Amino acid sequence: MAEIDDQRKRDTRTSSIGRCIASCISVFLTQFTLALIPRFLYTSPLLIQLALSALVLVVVLGLGGRCRRVLGVSASAPAFVVLSIIYIWAIYVTVVREAIPLFRDILFHGEVAMLIIGFCSIFKRDPGRVTPGPSLSSELCEGSISEVSETISLMGRVRYCRSCEAYIKGFDHHCPAFGNCIGQNNYLLFMALLAGFLITESSFVACSSKFASKSSILYQTGLESSIAADLVIGGLLFSLLQLLWQGIFFMWHIYCICFNIRTDEWINWKKYPEFQHQVKSEQGQSSTSLTFRNPYDKGILGNIRDFLS
């Protein structure tokens, strides 16, 4: 038995190393390709360069999925996020920093440090796992997951996460980027971390724009620009893309907080009986229609108090 456990640990360690290597390669390919865009398309408008950058990210994701099918190894999303943070920080330290005032420089380093600390915290923190009792365990063996989810949802918004194969109290969604579920115990930390990403990326965009303005790299041709300048503009494009989708994601969660609804509940409300409201049709018709209602909505102020508590 001990030999089997040791073998499993070795397999897990080998798999983790392989995924980290795949993540390093993915980050390198992403940033290298993004750096080529300003070098060869320096006359193109920013929107065109952003669109091409988005296409690059989609292609990298597609290649990652193909590598998983061919080689059996896939990149780790949390490792990709951490390595991307380190890459952006490295570009700032080696190139951009020389054009930034001291106070702004200290502030950016503090933002990056808090971002990494917050990321490690949410990666390790229990989102609110719930262990089903004996009666529910027997029901899980006998019935389907959807049937058990309907029963356990009555125990205080406990939902089932297929990725973690666990029941999570206050489950919102499984976040591959953070390598953890988002639930009652880490939802506040998740929002703070998401806001931290937006602030840090905005700071890098502002700092790299200032560097570009001082060094006049925006007015240089592809042959005149240096590799360092291309890396800065590539990092700028990457940060702008992150700001776009994370900003939309952040506003969605602000909406969810204000109306006390979870992402999983919004998408799968027909699975949870407390969100279902049957409305009878007009007289003379025996059919009924199913509509959505939110029994947890206590008004915006009450919902915000619930979130903060």
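Buried means under 20% relative accessible area, exposed means over 50%, and partly exposed lies in between (1.4 Å probe, protein chains only). The model is predicted: local features need pLDDT of at least 70, side-chain atom pairs count only at pLDDT 80 or more, and totals for chains, interfaces and linings use all residues. Residues are numbered from 1 along each chain as its sequence is written, and side-chain values use heavy atoms, with hydrogens and water left out.

View 1. Phe40 counts as exposed, at 62% relative accessibility. Its place is helix α1, residues 2–40. Helices (H or I, at least four residues) and strands (E, at least two) are DSSP runs, numbered from the N terminus. Phe40 also belongs to a nonpolar surface patch of about 870 Å². Ile17, Ile21, Ile25, Phe28, Leu29, Phe32, Leu36 and Leu41 are the other members. Patches take residues with over 30% relative accessible area and no salt bridge; like charges are joined within 9 Å, nonpolar side chains (Val, Leu, Ile, Met, Phe, Trp, Tyr) within 5 Å. A salt bridge puts a side-chain nitrogen of Lys or Arg within 4 Å of a carboxyl oxygen of Asp or Glu. Accessible areas come from the Shrake-Rupley method with a 1.4 Å probe; for residues, only the protein chains shown count as cover.

**View 2. Aromatic pairs around Phe292.** Rings of Phe, Tyr and Trp (its six-membered ring) pair if their centres lie within 6.5 Å; planes under 30 degrees apart count as stacked, over 60 as edge-to-face and the rest as tilted. This rule gives 19 aromatic pairs. Trp266 and Phe292 have ring centres 5.8 Å apart and planes at 65 degrees, so they pair edge-to-face. Trp266 is in helix α9 (residues 263–267) and Phe292 in strand β7 (residues 288–292), so this pair ties together parts 26 residues apart in sequence. Trp266 is partly exposed, with a relative accessible area of 38%. Phe292 is partly exposed too, at 32%. The rings of Phe275 and Phe292 are stacked, because their centres are 5.7 Å apart and their planes at 10 degrees. This pair links distant parts of the chain, 17 residues apart: Phe275 is in the loop between α9 and β6 (276–280), Phe292 in strand β7. Phe275 is buried, at 0% relative accessibility.

**View 3. A cluster of aromatic rings.** Ring pairs join Phe119, Phe178, Tyr187 and Phe190 with Phe197, Trp245, Phe249 and Phe307 in a cluster.

**View 4. Arginines over tyrosine rings.** A charge sits over a ring if NZ of Lys or CZ of Arg is within 6 Å of the ring centre and within 35 degrees of the ring normal. Arg157 lies over the face of Tyr296, 3.9 Å from the ring centre. Arg159 has its charged end over the ring of Tyr272, at 4.0 Å from the centre.

**View 5. The open sheet β1-β3-β2.** Three strands make up this open sheet, with antiparallel pairing. Strands β1 (129–130) and β2 (158–161) are the edges, each pairing on one side only. Two strands pair if DSSP finds at least two bridges between them. Two bridges join β1 to β3 (residues 166–169). Four bridges join β2 to β3. Ile168 in β3 stands opposite Arg129, and Arg159 also stands opposite Ile168. Tyr160 faces Tyr167 of β3 across the pairing.

**View 6. The two faces of β2.** In a regular strand the side chains alternate between the two faces of the sheet. In β2, Val158 and Tyr160 are on one side, Arg159 and Cys161 on the other. These four residues are all buried, and both faces of the strand are covered.

View 7. Glu165 has a positive phi of about 55 degrees although it is not a glycine. It is in the loop between β2 and β3, a hairpin with four residues between the strands. Glu165 is exposed, with a relative accessible area of 62%. Asn260, also not a glycine, has a positive phi of about 50 degrees. Asn260 is in the loop between α8 (227–258) and α9. Asn260 is buried, at 8% relative accessible area.
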